[in-house]
Amino acid sequence: PKARYSSDSEYGGMPKIGRRGITPMIRPSFDAPVADEPPTSDRLTDYDRLHIIHYVILLDAERENVPWDEVAREALQIDPKSEPARARRAYETHLARAKWMANSGWRQMLRAGLSEGQV
């Protein structure tokens, strides 16, 4: 079967044999490197799968009113004192992506998991 990898597969994943050929199996990881900005696709990406833990932390921190700079430092591993613009941008864009995942992306993740027998 032909290998099928998404365009952002450089974010990790082990090949998995599925019913439709080889597909990447992305495992969420807190230690995965965080990009300055997450993808802006209207589709679930490998980056989203890899960073779901970060998205949950961001949503929880917002709900708990944790200051953005603390979240950037602890969850995104970007020092807001040495890189304030980068830290703020990463925080805002990842939080926006987390909200998209909470409202739309989870459906795609569930459908993908069901079709591959992962859920």
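Trainee: Which residues have the most contacts inside the largest nonpolar core, and how many residues does this core have?

Mentor: The general idea is that in soluble globular proteins, nonpolar side chains tend to be buried together. In this structure, which is a predicted model, the largest nonpolar core has 19 residues, and those with the most contacts inside it are Leu58, Val71, Leu76 and Tyr91.

Trainee: Which helix gives the most to this core?

Mentor: Helix α4 gives the most, with 7 residues, while α2 (52-63), α3 and α4 each supply at least two residues.

Trainee: Is Tyr91 buried or exposed?

Mentor: Tyr91 counts as buried because its relative accessibility is 9%, and buried means under 20%. Trp68, at 23% relative accessibility, counts as partly exposed.

Trainee: Which ring does the charged end of Arg97 sit over?

Mentor: The charged end of Arg97 sits over the ring of Trp100, at 4.0 Å from the centre of that ring.

Trainee: Let us turn to a loop residue: where is His51 found, and what does its side chain reach?

Mentor: His51 is found in the loop between α1 (46-50) and α2, and its side chain reaches the backbone oxygen of Pro33 at 3.1 Å. With a relative accessible area of 0%, His51 is buried. If you leave aside its neighbours within four places in sequence, His51 is in contact with Ala32, Pro33 and Val34.

Trainee: Which residues does Asp36 touch, beyond those up to four places away in sequence?

Mentor: Asp36, whose place is in the loop between β2 (21-25) and α1, touches Arg86, Arg89, Ala90, Thr93 and His94 when those sequence neighbours are not counted. With one of these residues, Arg86, there is a polar contact from side chain to side chain at 2.5 Å. Asp36 and His94 are 58 residues apart in sequence, and in space they are 8.7 Å apart, C-alpha to C-alpha. At 40% relative accessibility, Asp36 counts as partly exposed.

Trainee: What is Thr93 in contact with, leaving aside its neighbours within four places in sequence?

Mentor: Thr93, which lies in helix α4, is in contact with Asp36, Glu37 and Pro38 once those neighbours are left aside. The side chain of Thr93 also reaches the backbone oxygen of Arg89, at 2.8 Å. Thr93 counts as buried, at 13% relative accessibility.

Trainee: Finally, how should I read the backbone angle phi, and what value does Asn65 have?

Mentor: Most residues other than glycine have a negative phi, and most peptide bonds are trans. For Asn65, phi is near 60 degrees, a positive value in a residue other than glycine. Asn65 has its place in the loop between α2 and α3, and it is exposed, with a relative accessible area of 67%. Gln77 has a positive phi of about 60 degrees although it is not a glycine. The place of Gln77 is in the loop between α3 and α4, where this residue is exposed, with a relative accessible area of 56%.

How values were computed: Residues numbered from 1 in each chain as written. Predicted model: local features only at pLDDT ≥ 70, side-chain atom pairs only at ≥ 80, totals over all residues. Heavy atoms only, no water. Buried < 20%, exposed > 50% of the residue type's maximum accessible area, 1.4 Å probe, protein only. Lys NZ or Arg CZ within 6 Å of the ring centre and 35° of its normal. Core = buried A, V, L, I, M, F, W, Y, C linked by side-chain atoms within 4.5 Å. Helix = DSSP H or I, 4+ residues; strand = E, 2+ residues; numbered from the N terminus. Polar contact = N/O pair within 3.5 Å; in protein donor to acceptor, adjacent residues only side chain to side chain. Contact = heavy atoms within 4.5 Å.
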